[in-house]
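Here is a short briefing to read with the model open beside you. Take a look at the structure first, then work through the points.

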Amino acid sequence: INYCNAFSIPFVIDDSNKSTVYFRNKIRNHLIPILEKDYNVAIRDHLVKLAQMVHDDDEELEERAKQIFTELELESAEPKQISIDRERFRALSPSMQRRVLRKGIADYKGDLVGINFEHIEELRNRVVQPGTFEMDLPSIVIIGNSNTIVFGGYQVRSEWEPFELNIPSTVVLGRYKINARVYSINELPQR
(Lines give C-alpha, C1' and ligand atoms only; values in the text may rest on other atoms or scores of the structure.)
Protein backbone atom coordinates (compact mmCIF):
# COMPACT_ATOMS: atom_id res chain seq x y z
CA ILE A 1 0.00 0.00 0.00
CA ASN A 2 2.84 2.39 0.89
CA TYR A 3 4.55 1.62 -2.43
CA CYS A 4 1.34 2.19 -4.39
CA ASN A 5 0.68 5.46 -2.55
CA ALA A 6 4.27 6.67 -3.06
CA PHE A 7 4.03 6.14 -6.82
CA SER A 8 0.33 7.04 -7.22
CA ILE A 9 -0.59 3.53 -8.32
CA PRO A 10 -4.29 2.75 -7.91
CA PHE A 11 -5.15 -0.39 -5.96
CA VAL A 12 -8.16 -2.18 -4.51
CA ILE A 13 -8.48 -3.77 -1.07
CA ASP A 14 -10.58 -6.93 -0.98
CA ASP A 15 -13.18 -6.49 1.78
CA SER A 16 -12.99 -10.22 2.56
CA ASN A 17 -9.48 -9.59 3.97
CA LYS A 18 -11.12 -7.93 6.98
CA SER A 19 -13.69 -10.66 7.60
CA THR A 20 -12.97 -12.92 10.58
CA VAL A 21 -14.99 -15.67 8.94
CA TYR A 22 -11.74 -16.79 7.32
CA PHE A 23 -9.16 -18.38 9.62
CA ARG A 24 -6.22 -16.71 7.83
CA ASN A 25 -7.78 -13.31 8.58
CA LYS A 26 -8.22 -14.15 12.26
CA ILE A 27 -4.51 -14.89 12.42
CA ARG A 28 -3.50 -11.80 10.43
CA ASN A 29 -5.91 -9.31 12.04
CA HIS A 30 -6.12 -10.60 15.62
CA LEU A 31 -3.42 -13.09 16.60
CA ILE A 32 -0.40 -11.42 14.97
CA PRO A 33 -1.12 -8.00 16.56
CA ILE A 34 -1.42 -9.68 19.99
CA LEU A 35 1.87 -11.52 19.46
CA GLU A 36 3.55 -8.29 18.32
CA LYS A 37 2.22 -6.32 21.28
CA ASP A 38 2.66 -8.87 24.06
CA TYR A 39 5.54 -11.11 22.94
CA ASN A 40 7.74 -9.93 20.08
CA VAL A 41 7.49 -6.77 17.99
CA ALA A 42 9.47 -8.48 15.21
CA ILE A 43 7.20 -11.57 15.00
CA ARG A 44 6.23 -10.88 11.37
CA ASP A 45 9.86 -10.79 10.27
CA HIS A 46 10.60 -13.98 12.21
CA LEU A 47 7.61 -15.74 10.65
CA VAL A 48 8.67 -14.67 7.15
CA LYS A 49 12.19 -16.01 7.77
CA LEU A 50 10.80 -19.22 9.23
CA ALA A 51 8.52 -19.67 6.22
CA GLN A 52 11.50 -19.22 3.88
CA MET A 53 13.57 -21.74 5.83
CA VAL A 54 10.72 -24.28 5.82
CA HIS A 55 10.20 -23.72 2.08
CA ASP A 56 13.90 -24.28 1.37
CA ASP A 57 14.02 -27.38 3.59
CA ASP A 58 10.91 -28.75 1.90
CA GLU A 59 12.44 -28.31 -1.56
CA GLU A 60 15.63 -30.04 -0.45
CA LEU A 61 13.73 -32.95 1.11
CA GLU A 62 11.47 -33.32 -1.92
CA GLU A 63 14.51 -33.54 -4.19
CA ARG A 64 16.04 -36.16 -1.91
CA ALA A 65 12.74 -38.10 -1.87
CA LYS A 66 12.78 -38.19 -5.69
CA GLN A 67 16.32 -39.60 -5.67
CA ILE A 68 15.42 -42.21 -3.05
CA PHE A 69 12.26 -43.17 -4.92
CA THR A 70 14.31 -43.77 -8.07
CA GLU A 71 16.73 -45.95 -6.08
CA LEU A 72 13.83 -47.99 -4.64
CA GLU A 73 11.85 -48.34 -7.87
CA LEU A 74 11.51 -51.85 -9.29
CA GLU A 75 10.36 -53.14 -12.64
CA SER A 76 6.58 -53.61 -12.38
CA ALA A 77 4.74 -56.71 -13.46
CA GLU A 78 1.91 -54.64 -14.95
CA PRO A 79 2.53 -51.73 -17.32
CA LYS A 80 0.45 -49.21 -15.36
CA GLN A 81 1.91 -50.02 -11.95
CA ILE A 82 4.75 -48.44 -10.01
CA SER A 83 6.60 -50.71 -7.59
CA ILE A 84 9.24 -50.04 -4.95
CA ASP A 85 11.36 -52.24 -2.70
CA ARG A 86 9.52 -52.65 0.60
CA GLU A 87 12.46 -53.72 2.77
CA ARG A 88 14.64 -50.80 1.70
CA PHE A 89 11.65 -48.49 2.20
CA ARG A 90 11.36 -49.67 5.81
CA ALA A 91 14.95 -48.53 6.47
CA LEU A 92 14.02 -44.89 5.72
CA SER A 93 13.11 -42.37 8.41
CA PRO A 94 9.34 -41.87 8.96
CA SER A 95 9.62 -38.41 7.40
CA MET A 96 11.22 -39.75 4.22
CA GLN A 97 8.79 -42.69 4.14
CA ARG A 98 5.90 -40.22 3.98
CA ARG A 99 7.53 -38.28 1.17
CA VAL A 100 8.32 -41.43 -0.83
CA LEU A 101 4.73 -42.67 -0.46
CA ARG A 102 3.40 -39.28 -1.59
CA LYS A 103 5.75 -39.41 -4.59
CA GLY A 104 4.56 -42.89 -5.57
CA ILE A 105 0.92 -41.86 -5.33
CA ALA A 106 1.51 -38.61 -7.23
CA ASP A 107 3.45 -40.41 -9.97
CA TYR A 108 0.70 -42.99 -10.40
CA LYS A 109 -2.33 -40.66 -10.13
CA GLY A 110 -0.75 -37.54 -11.56
CA ASP A 111 -1.68 -35.55 -8.43
CA LEU A 112 -2.37 -35.84 -4.72
CA VAL A 113 -6.00 -34.71 -4.87
CA GLY A 114 -7.99 -36.33 -2.07
CA ILE A 115 -4.87 -37.68 -0.34
CA ASN A 116 -4.31 -36.31 3.16
CA PHE A 117 -1.89 -36.86 6.03
CA GLU A 118 -4.12 -39.55 7.60
CA HIS A 119 -4.08 -41.56 4.35
CA ILE A 120 -0.30 -41.38 4.12
CA GLU A 121 0.19 -42.25 7.78
CA GLU A 122 -2.17 -45.23 7.66
CA LEU A 123 -0.44 -46.47 4.51
CA ARG A 124 3.00 -45.94 6.06
CA ASN A 125 1.95 -47.94 9.15
CA ARG A 126 0.71 -50.80 6.98
CA VAL A 127 3.91 -50.85 4.95
CA VAL A 128 6.25 -50.97 7.95
CA GLN A 129 4.28 -53.78 9.63
CA PRO A 130 4.94 -57.35 8.47
CA GLY A 131 2.47 -59.10 6.21
CA THR A 132 0.58 -58.31 3.06
CA PHE A 133 -2.00 -55.58 2.65
CA GLU A 134 -4.24 -53.89 0.13
CA MET A 135 -5.37 -50.32 0.73
CA ASP A 136 -7.90 -48.34 -1.27
CA LEU A 137 -7.25 -44.60 -1.41
CA PRO A 138 -8.96 -41.99 -3.60
CA SER A 139 -8.27 -43.04 -7.22
CA ILE A 140 -5.56 -45.56 -6.33
CA VAL A 141 -5.10 -48.99 -4.80
CA ILE A 142 -1.81 -49.76 -3.06
CA ILE A 143 -0.76 -53.34 -2.44
CA GLY A 144 2.04 -54.68 -0.29
CA ASN A 145 3.58 -58.11 -0.40
CA SER A 146 6.66 -59.32 1.44
CA ASN A 147 9.08 -57.60 -0.94
CA THR A 148 7.20 -54.90 -2.80
CA ILE A 149 4.90 -51.89 -2.49
CA VAL A 150 2.76 -51.61 -5.62
CA PHE A 151 1.06 -48.33 -6.55
CA GLY A 152 -1.94 -48.99 -8.77
CA GLY A 153 -4.41 -51.82 -8.83
CA TYR A 154 -3.79 -54.92 -10.84
CA GLN A 155 -5.36 -55.19 -14.23
CA VAL A 156 -8.07 -57.82 -14.34
CA ARG A 157 -7.83 -60.34 -17.15
CA SER A 158 -11.02 -62.11 -18.11
CA GLU A 159 -9.18 -65.22 -19.26
CA TRP A 160 -5.65 -66.53 -19.40
CA GLU A 161 -4.05 -68.61 -22.06
CA PRO A 162 -2.92 -72.06 -20.95
CA PHE A 163 0.82 -72.37 -20.50
CA GLU A 164 3.39 -74.72 -19.09
CA LEU A 165 4.89 -73.70 -15.75
CA ASN A 166 8.61 -74.39 -15.82
CA ILE A 167 10.49 -74.78 -12.57
CA PRO A 168 12.19 -72.56 -11.67
CA SER A 169 10.28 -69.65 -13.21
CA THR A 170 8.20 -66.58 -12.45
CA VAL A 171 4.80 -66.06 -14.04
CA VAL A 172 2.45 -63.09 -13.78
CA LEU A 173 -1.26 -63.91 -13.87
CA GLY A 174 -3.61 -60.97 -13.36
CA ARG A 175 -3.00 -59.71 -9.86
CA TYR A 176 -0.72 -62.60 -8.96
CA LYS A 177 3.00 -63.08 -9.46
CA ILE A 178 3.84 -66.76 -9.09
CA ASN A 179 7.41 -67.75 -8.27
CA ALA A 180 7.86 -71.49 -8.84
CA ARG A 181 10.94 -72.95 -7.17
CA VAL A 182 11.91 -76.30 -5.65
CA TYR A 183 13.09 -76.16 -2.03
CA SER A 184 14.03 -78.74 0.51
CA ILE A 185 12.11 -78.46 3.77
CA ASN A 186 15.07 -76.72 5.41
CA GLU A 187 15.43 -74.16 2.61
CA LEU A 188 11.87 -72.85 2.59
CA PRO A 189 11.88 -69.04 2.72
CA GLN A 190 10.00 -67.17 5.47
CA ARG A 191 6.39 -66.32 4.64
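The notes below cover the sheet, a helix pair and the aromatic pairs.

This is a predicted model, in which local features need pLDDT of at least 70, side-chain atom pairs count only at pLDDT 80 or more, and totals for chains, interfaces and linings use all residues. Residues are numbered from 1 along each chain as its sequence is written, and side-chain values use heavy atoms, leaving out hydrogens and water.

**Sheet**
- Five strands form an open sheet in the order β1-β2-β5-β4-β3, with antiparallel pairing (strands are DSSP runs of E, at least two residues, numbered from the N terminus; two strands pair if DSSP finds at least two bridges between them).
- β1 (73-74) and β3 (133-137) are at the edges with a single partner strand each, so one side of each has no neighbour in the sheet.
- β2 (residues 82-85) and β5 (residues 148-151) are joined by four bridges, and D85 has T148 as its bridge partner in β5.

**Helix pair**
- Helices α2 (residues 23-38) and α3 (residues 43-72) pack with axes 9 Å apart at about 110° (helices are DSSP runs of H or I, at least four residues; axes are lines fitted to C-alpha atoms over the stretch in contact, with angles from 0 to 180 degrees between N-to-C directions).
- The two helices, α2 and α3, are therefore roughly perpendicular (65 to 115 degrees).

**Aromatic pairs**
- There are two aromatic pairs (ring centres within 6.5 Å; planes under 30 degrees apart are stacked, over 60 edge-to-face, the rest tilted).
- Y3 and F7 make a tilted pair, 4.8 Å centre to centre with 45° between the planes.
- F69 and F151 are also tilted, at 6.3 Å and 50°; F69 in helix α3 and F151 in strand β5 lie 82 residues apart.

Methods
Parallel < 35°, antiparallel > 145°, perpendicular 65-115°, else oblique. Phe/Tyr/Trp six-rings, centres within 6.5 Å; stacked < 30°, edge-to-face > 60°.
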